[in-house]
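Colleague: Could you walk me through the packing in this one? I'd like the terms spelled out as we go.

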Amino acid sequence: MTAPASTSAPAWLLQPEVGLCPCGCIGRRRKGSFVGKTLAGASGVLRQAIFSEDVAAARGPLQRLDPRVKLLSMIGLLIAVALVHSLPVLAGAYVATVALAVASGLSLGYFVKRVWLFIPIFTGIVVLPATLSVVTPGDVLLPLWHWHGHTHGVTEQGLHGAGIIIARVATSISLVVLLTLTTPWARLLAALRALGVPKIFVLIIGMAYRYLFLLLDAVDDMYTARKARTLVADDGRRQTKAGRAFVAAGAGTLFGKAHQLSEEVHQAMTARGYTGDARTLHGFRLSPLDGWFVAGAALFAAALLVAGR
């Protein structure tokens with residue numbers, strides 16, 4: 001029996017600009033438009049969302065827990081991390097979070113990249129002035145300038161404070177990302193509602209998450225249809241001008257589609273008896289594993305608070 005042929009697209013077809021030679025030394029490569037790059041980023045968001053659903057459906061230790069237990073445990077750990085003022089303790093908490101992510105079947109590179117790509121790096125840029133002696137006086141480790149006979153620069157106390165803030169942000173984001181990646185979105189919303197979160201809050205989050213991907217897909221279809229009808233490539237200036245015109249017209253069209261879609265979806269949900277509660281096909285059921293996890297999370301949070309002092 002012969003193996004079925006692969007239905008995936010070949011790698012050369014997925015490249016935005018294909019050269020005449022695989023090494024790229026022959027042929028002319030044109031710079032991609034900003035519209036295409038933006039839509040490629042939107043497609044990346046869709047792929048990450050699909051990958052997250054696959055990870056949440058796995059049979060890891062965190063995936064088998066009750067969503068309410070995970071939510072309460074993560075909130076307790078976030079509070080404990082926020083109260084810790086020791087850099088080594090925060091570093092240990094982050095390492096434990098990464099180890100728990102790997103044990104749950106998450107890719108180490110994907111998890112670390114998703115955590116450190118934006119917010120902790122941005123936090124480091126924000127707290128960078130706090131490392132200077134003019135903001136945080138102390139022992140100068142890196143002299144930068146002199147003023148009235150005094151040496152100013154990066155201080156040891158400023159670096160320590162900045163390190164604590166960055167480590168705390170990285171650990172907190174890791175816990176939140178770990179919760180969202182190991183819990184299906186519908187069950188997470190149902191857990192929020194079961195813990196007393198207002199209906200309107202859960203409704204807005206669920207609708208925004210669900211129909212964001214639908215609108216991104218609509219934008220991708222609009223751009224693909226426009227590109228399929230383009231016969232002659234213009235020069236760079238005309239292409240940029242046409243791209244801006246397309247973005248402006250597409251934004252207006254997308255706004256109209258979103259407004260019409262919201263009305264139709266709301267009427268359909270109301271006709272089907274929707275009351276604002278998030279429901280899932282499988283109900284919540286506590287297991288011995290949930291009790292062990294709550295006990296372990298409580299002991300870990302207590303250890304962080306004691307060691308942080």
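Modeller: A nonpolar core here is a set of buried Ala, Val, Leu, Ile, Met, Phe, Trp, Tyr and Cys residues joined through side-chain atoms within 4.5 Å, where buried means under 20% relative accessible area with a 1.4 Å probe, protein chains only. This is a predicted model, in which local features need pLDDT of at least 70 and side-chain atom pairs count only at pLDDT 80 or more, while totals for chains, interfaces and linings use all residues. Residues are numbered from 1 along each chain as its sequence is written, and side-chain values use heavy atoms, with hydrogens and water left out.

Colleague: Which residues have the most contacts inside the largest nonpolar core?

Modeller: Those are F111 and L178, in a core of 37 residues. Helix 3 (67-83), helix 4 (87-103), helix 5 (108-116), helix 7, helix 8 and helix 11 (288-308) each supply at least two residues of it, helices being DSSP runs of H or I with at least four residues, numbered from the N terminus. Helix 7 gives the most, with nine residues.

Colleague: And what does L178 touch?

Modeller: Leaving aside residues up to four places away in sequence, L178 touches L62, M74, T97, L100, A101, L106 and F111, contact meaning heavy atoms within 4.5 Å.

Colleague: OK, changing topic: where is T183?

Modeller: T183 lies in the loop between helix 7 (156-181) and helix 8 (185-194), and because its relative accessibility is 3%, T183 counts as buried. The T183 side chain also makes a polar contact with the side chain of K70 at 2.7 Å; such a contact is a pair of N or O atoms within 3.5 Å, and within protein one must be able to donate a hydrogen and the other to accept it, with residues adjacent in sequence counting only if both atoms are side-chain atoms.

Colleague: Which residues are buried in helix 8?

Modeller: They are W185, L188, L189, A190, A191 and L192. After helix 8 comes G196, whose phi is positive, near 95°.

Colleague: How do the axes of helix 8 and helix 9 cross?

Modeller: They come within 10 Å and cross at roughly 170°, helix 9 being residues 199-228; axes are lines fitted to C-alpha atoms over the stretch in contact, and angles run from 0 to 180 degrees between N-to-C directions. Helix 8 and helix 9 are therefore roughly antiparallel, a label for angles over 145 degrees. W185, L189, L192 and R193 in helix 8 meet K199, V202, I205, G206 and Y209 in helix 9.

Methods: Buried < 20%, exposed > 50% of the residue type's maximum accessible area, 1.4 Å probe, protein only. Parallel < 35°, antiparallel > 145°, perpendicular 65-115°, else oblique.
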